[in-house]
Every structure is written in structure tokens, then in C-alpha cells.
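Subject: Structure handover

Hi,

Here is the structure I promised you. Please open it first, then read my notes below.

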Amino acid sequence: MSDWYRDFANSGFGTTLVKQLGLPRPAVLRRFEPGQPLLPGPAIIGSAGEGRLREALTELLRAEGVHVQSPVTADGATDGEKPAAVILDATGLRTPGDLASAHDFLSPAVKRLRATGRVLILADPPSDADSPAQAAARQALDGLVRSMAKELRGGSTANLVHVPEGAEASIASPVRFFLSGRSAYVDGQVMSVSPAELPKADDDEQLLAGKVAVVTGAARGIGAAIAKVMARDGAHVVAVDIPAAGDKLAEVANEIGGTALQLDITAADAPQRLIEHLRERHGGVDVVVHNAGITRDKLLVNMDAARWNSVMAVNLQAQLDITQALLDTEGALKPNARVVCVSSQSGIAGNRGQTNYAASKAGVIGMVRAWAPQFAERGATINAVAPGFIVTEMTAKMPFGTREVGSRINSLQQGGLPVDVAETIAWLSQPGSGGVNGQTVRVCGQSMLGA
Amino acid sequence: MAVTVLDQAPNLGQLYAKAAVTARGRGGDLPDTRLARHGVQVDPAHLAAYARVCGMPLSDVLPATYPHMLTFPLQMALMSDRSFPLALPGLVHVRNRIEVLRAVRAHEPLDLEVWAENLAAHRSGAVVDLRATVSAGGEEVWRSTSSYLARGATAPDGAPQADVEVSVGGLERVVATWRVPDDAGRRYAKVSGDVNPIHLSGLTAKAFGFKRAIAHGMWVKARVLGALAGRLPDAVTVDVRFTKPLFLPSTVTLATEQHDGGWDVAVRNEKSGTEHVVGTVRPL
Amino acid sequence: MADTSKPATRKAAIVGGNRIPFARSNSAYAQASNQDMLTATIDGLVARFGLQDKQLGEVVAGAVLKHARDFNLTRESVLGSKLSATTPAYDVQQACGTGLEAAILVANKIALGQIESGIAGGVDTTSDAPLAVSDDLRRVLISLNNAKTVQDRLKALAKIRPGMIAPEIPRNAEPRTGLAMGDHAAITAKEWEIGREEQDELAVRSHHNMAAAYDRGFFDDLVTPFLGLSRDNNLRPDSSLEKLSTLKPVFGKGDPAATMTAGNSTPLTDGASTVLLASDEWAAENGLPVLAHLVDAQTAAVDYVHGGEGLLMAPVYAMPVMLARNGLTLQDFDYYEIHEAFASTVLATMKAWEDPAFCKGKLGLDSPLGPIDRSKLNVNGSSLAAGHPFAATGGRIVAQLAKMLHEKGPGSRGLISICAAGGQGVVAILES
């Protein structure tokens, strides 16, 4: 599924024409490939106030082989290589006045940011602030980041990570994710980490090595992409889909060296059958990706009970039932288990004709938030990913106009790919992502819907 | 008794033609002539073609009915000769008895000898036995008696009554159903050389008073033996009575029954039950 | 006979199975070849058990109706599958017994320690059936192919007659008797006085049992969809005695009391099935389950041509031999899988086992084997519902029964009985 417009706008003649017409020129995003360095160029790390993360960040990047430029060199000098990432440690903010230093650092540095660059700000959560002034300063970063994300061109992104006191050890995994090609379509987002006990030394290539991952709805589209990325990162994938999709499911399983499990997740005995299978074949499960979902669109006034009930059953109730059963069954979830639930932009912004779908997907967001503390207690996490406009077989069937508008109304001016969702999910599944819990990460290119 | 030794098998087509034009004015006693061939070698390709047409397995051992392929032309030569008292057209094969004294191998040089004997009276004419014997290395290995009925003919005074009946059991168990196609006669004629017009087509059969072409009796006999392949002793007597003509095409059934270490067999029309062939197969 | 010392062997484990939905002739799989179906079925098994690029001990499978192009069918299918190309394979054929016989072959090699794992299977298509040119034309074509000069070629061509062009379509008939299998079964049905209604009842139960099994997800890990089909398309969940009673007999037609209809006989079917067998050790090393073990098997044949026994009665003879060897009675089983070639076959088989005179006279038993608890018979449906792609039926039954025994729990026992063309029968014992 190629993006014809993006390809055209980046072709020789297309570039000229698009420029003259004043049309947007969607960039070719930097996506992750195995063996790729974390960043295609140096990084600049700055701080606003007395940040407590700068040293750890510098160490982390150097360990990844990233050349860290000093802000001084970057400021006005032209000899240095253009930075691929600009990172601001804003954990020292006390008042809105301190934000001036954020501006002083960011303005020249971002100016020199190369295409497909990354801006990442780390700050304390406003809710933990000592004073209204400090809360204001911290909250201000939201607006700053979201606006920057809209200003950046060339496939660059800007995101904000809240790091509460005590959660400093949790930043490595999110920092790597946001700087890498894995986060290509995650833009203008704000998320939080929390304190967690984390395993040491990650093998960046095979972050999921030895892990058993269940992916529901894996026969096609986003689910198949998730299965592939998880397998690429070393996981043994148990690919689940309804029996009627078994042939496509088998193809996916065979392509990635995983196993196929035909199961209707809405069946009453589905949780028990899934758990039995996982215990018998794998001695439990490390990662569960609740991806299976259906749409049965109709305006609310025309929607029958069947449409409502079937969407709820697949998209929400099955996730609840299976997760609950996993928690209740001794040994089903292995230590440091990860559950990732697929929500949707519709669940955040709503969508005409999708009251059922949006309700189910919003429900998922509430579900992970509520479950997060219980998961944290056992060293596990539960998170959601909310895809925006993702180019799939499903969207290929949309009318041309709807599809083009849908795919352009975001800061990256293009639709995301299933792999973008998959990379985000694979990141949340990593052992090192234990500090990310109860979050809903949007993979939407900073969509204008529900922003 | 005079024995005439032929160098090669007579051409059956020519013999039928000759017999047809010399049919009239026959009578008298059987000729005291024997026809013979020596050192006959079986043509493997012909044996294969025969086995195929008759539904028999192809092997190094000659099927019990195969030597008849070699002796039949000699018998025809005998019957078509002016000296033979019965006119060949209209002769009906009513019984055939074959005795295989030992397994005959396909590569063995064979000596053949045929003669006619036993002109006997029958309620609807006269019956003559055409005899044949086959030897290998001076030892008789095979012999046969083919009884032919000449309708309306008269046996000489004092001739014995013909014995053409073969008695068999009830034979109620059908073991096979055969669809005998339209061209079964032509196929067997091609292999056997027995181009008697009554087997070839409806038209030629009508000329001789049959409503449709009829299957060769010896082909039916061979098929029966084919169905019993693997269940026959090497030394065996196969004696069959050709009762009613098997019109082509037909669907027929084979019934078998074990008797005295051998078999009773019957081939009948599937629908009407008309009996075409009954016979006995006994170890020698 | 008590002291027959057996060589040291182990029991082969049945790990699981996979089949494609079975399709009535000339329907969903009309364009699929034996190799297409077998390859897809192996790939489904590979996906279910994570066998990608694995080298197994061997793959044994077969087809009853084979094309010339089906040369080395199983090996070619393996080469086209996701298994390692270094997995050896060979073909077998024992008519409708092919699938079970293949499983026995693999199990025996495992039992002897010659291999650790293997796949047994079977496939058949009656849609893409091998249509042969007439024998005469074939001979002309062969000589044409052998001709070296133009003259020879022309000579060969000149032998072609219009009548030779008509193709020979394989008939579902016994070569030695010329009778369709159904007509043979009809003779047996009559001999054993099997009534029309009990046959129809058996057929209805088969359809209902299988439909219910599908509905509760029983086949979720036994079947993988193929070419748009996710359930056997012969399956009639709404089958009823009323509907079946309206059908006219199709076999034993000459007989006014004929009982066998298209409803209580299996239709011509396309499909394929596979079973994964292994040693317990191999299964454990690969984290795979053991559903059941193949305990023992027995094959028998009857003289249906001249011997007066029914074509499909051989399993009746095989059973007491196997039971005696294992010290079991016919009643010692939790499930019975009697292949429903025809409803009448199943009923005649059971009736024969219950018949004292038959059991004494023909089987040499002092007392009859006795009745089978019908509630344990073909409980998830059998061939009348699923259809019967000859060589694929054995694999369907083995995998299905193994799963049933696994669900029932350790120590449960199941019995398989499959009749086959040529007067043969294969029976086997599975135990979880």
C-alpha cells in the first residue's frame, strides 16, 4: 500500500510542482530496521534549570554509540554535524520563568535539526508539582511540544515524557523508542513513566528474545504486522484469529516461525482454552497483545443491538475476560508480563457512525488505566495503543476523498503504516519498558482529531 | 492317417472366404487328415495383446486358452477344406474343453497337431469335435476339444449322440459384473484372427441370422479364467458350454462356486438372466 | 501363546492433526490438485505446531486417485511446504485405509526408534480426477513419442481412430467385480437386513454431531480453511429423518427393497488430512502436547470376489485379532470411530460383532464380540457428515479421536475401524 501522493511529492518533478502549488510535501519517515543505529546523526542534550536526568541521558546515548554535541557548539556554530535529535531535560523547572531557558536551548537547536529528527522533552509530571507555579511551568511544556510537533517538517517528531521522582531508571526504554525509527508515526504525544524494577542490559536487536507473545487478530492488517515485528525482535508468536481466517493465520505463523491458534475470542471458553494452550505449549505467556477488533458502523439511531453487541464483545469484553483469566490463573502470566491493548483514535476523538466502536475503544483506555496498579504489583504492565489513520486493506476500501483527507490531517501529512503500530506495541512489550504502565500511546502522526 | 505339416499359420480371412464359396455340396465322413506345425514360437507381443483383450494377467506362463490361438487356424484350415463334411458358415461353437497338463512357458517351442473326430448326432443337427494337442519337447502339455454344431446337418447313420452339456451347481453368487462393449467382437477378432462375420458388426451378423453381433465364446471363456487368475492350479481342465449367444453390447454377470478343488462358473445376462456360458474348472 | 516376548518398543504419540475442510466433488476445490491440497494441509499443521524449517523423521501420505503428475506426490508436497526440504517422504495407498495405514507406518517407525517424529496424511480429489486417454490412443501416443523419423511419426498418427478419442473416466468400481462400492455395500446391507430407517438415523446423527462439534469449536485446532471454505460443505446441520426419507435409493437399484440413498451414503469428496506423530521425548523437547498414543493396529482382508464375504466387512475380521492381542473386549472403549463409508456398513459391522453364529463360524470366537454403546459412536460426526476424500479419512479420524481422548482424560481409550476398497479393513486402538 504505497502512498502515491507522498511518493509523487518526493519525486523530482513532483517536488517542484508541489512547492509551486503550495501543497504539503509529506516526508518519507525514518522507520526502524534491524542493525540501524539509534540515530542517523548526533544528538544535542540541553536542560532547563537544574535537571537531574542530563547525565543519565548522555550516558545512555553514548552507550548507544550516539555522538552527543554540546549545546554550545550547536548554538550558532556551523562546523558541527546537523543534529538528529534534540533532547531537553526539563526536570529542573520551578516556575514559568525557567521556560525561557527551554526556549533558549530549543530554538537554535531545533533550527538545525535534520530531517526525520527527534525532539524529546523529559519533565516532571504537573500533578506532582510543589506549587501552582511549578505545575504551570510543567504543564506549559505540553503546549510547547504539541506546537513544535506541528511546526517540524521533514518527518521529524516532538514528544514529551513525564518522569516523576524515583522513576529515573525507567527512562531508557522510552528514550530509545522516541529517538529511534520505531516511533516514526508517534508525534506530539505526552506520556508518563513510573518507577519500576527493570532487568539489566538489553540486547537492542532481540529485545523480545525468549519471550512468548500472543497476538489476537493476527491473520491480517495491523495484527499480522504486530506478529511480524514481535517475531523480528525475537519473540515466539502465538498468532490468534477466528477459525474462518485460519488459512491466512497459518501463512502469517509460517512466515514468522510462530504458531497459529484458531480461536473465537468471544467464545465463553476462549480464555480458558487460550490459557490451557499457553500453559501446555509454552508454560505461560510473556506478552499479550489484544489486537482483534471489528467495526459494524451505523449511525446510533440506526444501529441494531447485534451491531452494538458484537463490537463490544470482540473489542472490549474479550480483552477484559482474557486479561482477567490470565491474572486469575496461577502461572499463566510469566514474571514481568506485558499486556498491550489496541484502542483507537476513535476512542479518543469519537467518530461519526462509530458509537459502538468508539465506545469499545474508549473503554479499553479506561481498562488499562484501572488495571495498571494491579499489574505493577507483579512487575507487569498494561498499556494501550491508539492508532490513528493507518493504511491497511480496510482503509484501501474507503472512498478516495475520505481516505486522502483522513491520511493528511495530521502533522506528518500522511497515513501511518501497520508497522508503526506494531513497533510501538513491540516497544511496550519489552522487558525494559516496565516503567511504562497504564498509558495510552497514540500512533497517529499527531492527528488533528481528538488532539 | 495323413499328417500335413504347415510352415506357417493359415490366413483365417482367406479361409472364411474359401469356406463361404465352397459351402454347398458338403457331406460324407470326416477327413482322415491331421494338420500340424512344429517348433512354433509364441510372439510375446501377440501374447500381450491377447492377455489385454481378455482381461488376463500377462506372464511368462501361457493362459489356458492361449494355445487355442495357435491351433484354431489349423482347425479352420481343416474345416474350410472341401473334404470337410460340414459347411463352415453356420457352424456354432457349443462346447470347449481344455486340459492344461502342465504350465506352458511362453518361450517353449511348441508342436501343434489338430484333427476332427466324433461326428455325432444332435437334436438340432450334427456335432463334430475339433481336437488339438500341443507338445513341448516331445511331451504333450495341452489339449482341447471344440465341439461345433451344424444346425440342420445330419450325422451319418449309426453316429453316437453328441454330448455337449456341462453340468454345474446353482451358482447364485454373482461375483462380478462386466459391461461388454459394442466392439468386443472386433477387438477379439483383431487378436485372435477369428474374423467370423457374426462377431464383427450388427450388419454382418444379420447376414447370418443373428439380430446383433455376438461375442466370441472363447473370449468369454478367457475372461472367466481372467477373473479366476491366481486361483487356478497349473494343471487344470476347463470345460465350458456355450449356451445362448451373448449379444453386443451387454451387461453380464459372472457367478462362481467352489467345487472339488475347482470352480463352477456361469456367465449370464445381468437383466434377463439368460445363460451365455456355464463351465467347470477342475484341477487335473 | 502367553509368553510372546515383544521387542523393546515405545508407543508413538499423536501430537495433533490438521485437515482442510472437505468439499463435495466439483465444488470449492474443483481447481485444486492433490498436491495443492496436501501442501496446504501440511502447512496448516506446520503453523499449528511451529514446525517451520524443521526436519522431521518422515512424511508418509497417499492418494487413491492419482495423476501421472502425482509422481512422488508426498515428497513434492513436502518440498512445497514450510517443512525443511531435508524431510524425507514417501507415498502409500491402501484405498480408504490409506490415511490410517500411513499413521500406522509412521507410528511403527517411531515405536522402533527409527525416527522421532513424522507426519501421516492422505489426500484425494474426485474433481481433478485423473482422466486417461483410451488404452488404444495411449499406445499410439507412446509409439508416436518413440518414433524417430517423420515417416514413423506419420505412421503412428495414421493409427488414430475417432473412437480412440473418448477419454476413460475412472469409475468408483471394484476392478474385479465391476460393481460400485455402494452396490457391494447394498449386497451386505441386504444380507444383514439393515433397514432404511436405521441407516437414515445414523446419517442424521452424524450430521447433527458434527455440526454441534463445529459450533462448540471442537474443530478449531483440527481444521484450517482452504480456498474460502472453513467447514465441510457436505455438512447439513438441518438434516432430518423426514428429509432423508424422501430420497430414492441409488445403490442396489435392481432390488425393490433397496435402502441405500445419497443421504445415507458418502458423496464423492475432495480433501486432505495430516497427523503429527512423535516420540514422547520429541514432543516434550518441542513443547508439544501428547493427545494420545497409537497403541496397536491390525489390518485384514476378505475374499469379497469369490469368497462370499462383503467388500467392506474386513474390519469385522481385523477387530477380534487386535482385541485379543491387547487383552481387551469390544466394550473396553470410551469412544468408537467407525468410518461411515455408508450408514449400512457401520450397522452391518456392529451387527456382525453381535451375531453369535457369525462370530463363531467366521471369526472363530466362542462368544460374539457383543454390542457397542451407541452413545460413544462417532460422537463428533463422521464421513456421512464430513464427506469422504478416500485417503484423507484416516487422518481425519485419528486426529479427531486423539483430541477426544485427550479431552476425556488420561487412560481413556478409543477404537478406530475403517473399511477399504479391495476387501480390506484397518482397525486401531488409541489411548490417552
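Let me start with two of the chains. Chain C and chain B bury about 1100 Å² between them, and carbon and sulfur atoms account for 38% of that area. Keep in mind that this is a predicted model. The size of an interface is often given as the accessible area lost when the parts come together.

Which residues of chain C lose the most area to chain B? They are C:R139, C:R176 and C:H306. Together they make up 48% of what the chain C side buries. In the contact, 13 residues come from chain C and 12 residues from chain B. There is 1 salt bridge between chain C and chain B. To find it, look at C:D303 and B:R231. The closest N and O atoms of this salt bridge are 2.7 Å apart.

Next, chain A. Chain A is divided into domain 1, residues 22-192, and domain 2, residues 212-443. The C-alpha centres of these two domains of chain A lie 29 Å apart. Domain 1 of chain A brings 26 residues to the contact, and domain 2 of chain A brings 27 residues. About 2200 Å² is buried between domain 1 and domain 2 of chain A. Carbon and sulfur atoms give 55% of that area.

Three residues stand out on the domain 1 side. A:R31, A:R182 and A:Y185 supply 32% of the area that domain 1 of chain A buries against domain 2, more than any other three residues. A:R182 also has a salt bridge: its side chain meets that of A:D233, at 3.0 Å from N to O. How many salt bridges are there between domain 1 and domain 2 of chain A? The count is 3.

Last, the cavities. The model has 7 cavities of 30 Å³ or more. I picked the second largest cavity, with a volume of about 50 Å³. In chain C, β1 (12-19) and α14 (393-408) are the elements that give two or more residues to its lining. The largest share, 4 residues, comes from α14(C). Residues that line the second largest cavity include C:G17, C:N18 and C:R19. Also among them are C:G395, C:R396, C:A399 and C:Q400. C:F219, C:L222 and C:T274 complete the lining.

What is the lining of the second largest cavity made of? It divides into 3 nonpolar, 5 polar and 2 charged residues.

Over to you.

Best wishes

Notes
Residues are numbered from 1 along each chain as its sequence is written. Chains are lettered from A and ligands numbered from 1 in the order in which they are written. This is a predicted model: local features need pLDDT of at least 70, side-chain atom pairs count only at pLDDT 80 or more; totals for chains, interfaces and linings use all residues. Side-chain values use heavy atoms; hydrogens and water are left out. On a 1 Å grid over the protein atoms alone, a cavity is a set of points where a 1.4 Å probe fits but cannot get out, and a pocket is an open set with protein on both sides within 12 Å along at least five of seven lines; lining residues have an atom within 4 Å of a point. Grid points are joined across faces, edges and corners, and a volume is the space filled by probe spheres set on the points. Ala, Val, Leu, Ile, Met, Phe, Trp, Tyr, Cys and Pro count as nonpolar, Asp, Glu, Lys and Arg as charged, and the others, Gly among them, as polar. Domain bounds come from an automatic or database domain assignment. Contact means heavy atoms within 4.5 Å. Buried area is the accessible area (1.4 Å probe) that two parts lose on being put together, summed over both. A salt bridge is a side-chain nitrogen of Lys or Arg within 4 Å of a carboxyl oxygen of Asp or Glu.
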